[in-house]
Amino acid sequence: MLPLIIFAVGIVFHNYQRDRQAATQRVLETARNIRLLLDAEMQRMTGGLQVLALTNSLRDGDFANFRRIAAGFLEQYGKDGVVLVADRTGQQAFSSLTPDTASLPPRNNLEIVEKVFATRQPQYSNLFFGAVKQRLIITVEVPVIRDGEVLYDISFSPPIGVFQAMIEKQRLNQDWTISIFDSEGVNLARVPNPQATIGQRASPTLFAEMFRQSEATLPTVSLEGVALITGFTRSRVTGWTVAAGISEGSLVAPLWRSLAITSVIGGFLLLVGLGFAVRMATTIARGEMLHGLLIEELNHRVKNTLAILQSIATQTFRSASRAEREKFEGRLGALAEAHNLLSTDKWQGSDLQDVVSRVLRPYLLNASERVKMFGPRVPLSPRLALVLSMIMHEMATNAAKYGALSNDTGTVTLDWEMLQEGPEPKLRMIWTEAGGPQVTAPVRRGFGSRLIERSARDQLGGEATVDFLPQGVVYTLTSSLDVGD
């Protein structure tokens, strides 16, 4: 019986090592996935602030009217969101908390204000004690530019609960520890024990490694003294780091349980035969752990795919310009938003208006009348919802940069209808811009135009055309609606 038990133990340890390697890969994929969700949320906040920064009320100093516009932005974050506007010296000129602008104190994080004026680019703060909220906060900062000069710094302090809720939803079970760190390695969101750990630095075993490389997996010890297998990855958008770890004990416990079971039934397996013994030992040893891992893998397959895409893009665009990286990350962010919508609906598909509204949300915050939508309810399969989200993102981005949404007066009208021209129904969408800058046809087509045309042809089974009319661009898109998709 002893040789059989030794042989079975060897198989158990072999499978344990293989499953440990799978767990090591899993923690890194989980960290990448949360990083992708974090980047998408921060880009959404930044986009909303950039829309606010373009309003004439703010650039002209009409803070009474700007207060009404800012309130529309803050509604989506609840009562704990705060918008501040400060000049170059850090003196507050506007606060969403009070209409009394005369007695507003100066900003107490002058370093990031100076950086916004110097770089003319959005900035993301580390965790610091806010003078207004009287607690630890982070801020998103965007420059307000008029006539080529930075006039103000508009700052948004979101509720920390936004980030806490994000990682709590991604925590698979009690064996996981997940943290979001600012660029100085300080916890701004964490599970478990957020009340005791937010504001503390990462554990020494993780802190030093975080500043040596942007992504890695390694054994660490948590702030609670728990041994973990940890993966971390740094965001190129904010400079923050996401770390996810699983308890070493959760991997060792099934091993000892399997060894005990193998030892007890070893004598019986010897009577049945060596072949049956090997099979049973392997099945018992791996069954429980693989069952849990397979279920988790199925639940997170789509999000892991996005994380892999983000990793590939990081390597591919290592030498690309900032504009190219931001353009790709915007497209990937649109894809992530579509996945979030489908996840909410449990991957049963989505309604066309919901898909379009989610893509156009940043442009509807302060001037919803500038984007009009008309059409019947059209249920979409998950595949069609994803492709249409990417196409709508390209159209909206082009309109915001060059078209009707690049000024304060332009409008966009989106019409859609169902066509019964054959055995299967088709969808026709018409995007019409008006009131923007004078339109001239481009000398060459960009990647966005090719993406729209090829996606319509290859993914939607239809076609897309664009007409560069002087008064505004018109996109016409047709798509098949395969009910069995």
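Which residues of helix 5 are buried? In this predicted model, helix 5 covers residues 161–170, and its buried residues are Phe163, Gln164, Met166, Ile167 and Gln170.

Now let's turn to the aromatic rings. A pair of aromatic rings is described by the distance of the centres and the angle of the planes. Counting ring pairs with centres within 6.5 Å gives 8 aromatic pairs here. Take Phe73 and Tyr77: their ring centres are 5.6 Å apart and their planes meet at 55°, so this pair is tilted. To call a pair edge-to-face, you'd need an angle over 60 degrees, while stacked would need one under 30. Phe73 is buried, and Tyr77 is buried too.

Rings can also gather in groups. Phe63, Phe66, Phe94 and Tyr152 make up one aromatic cluster.

Last stop: Asp351, which you'll find in strand 13, made up of residues 350–351. Is Asp351 buried or exposed? Its relative accessible area is 9%, and buried means under 20%, so Asp351 counts as buried. What does Asp351 touch, once you set aside its neighbours within four places in sequence? The answer is Arg377, Val378 and Pro379. With Val378 you can look at the atoms themselves: a polar atom of the Asp351 side chain lies 3.3 Å from the backbone nitrogen of Val378.

How values were computed. Residues are numbered from 1 along each chain as its sequence is written. This is a predicted model: local features need pLDDT of at least 70, side-chain atom pairs count only at pLDDT 80 or more; totals for chains, interfaces and linings use all residues. Side-chain values use heavy atoms; hydrogens and water are left out. Rings of Phe, Tyr and Trp (its six-membered ring) pair if their centres lie within 6.5 Å; planes under 30 degrees apart count as stacked, over 60 as edge-to-face and the rest as tilted. Buried means under 20% relative accessible area, exposed over 50%, partly exposed in between (1.4 Å probe, protein chains only). Helices (H or I, at least four residues) and strands (E, at least two) are DSSP runs, numbered from the N terminus. A polar contact is a pair of N or O atoms within 3.5 Å; within protein, one must be able to donate a hydrogen and the other to accept it, and residues adjacent in sequence count only if both atoms are side-chain atoms. Contact means heavy atoms within 4.5 Å.
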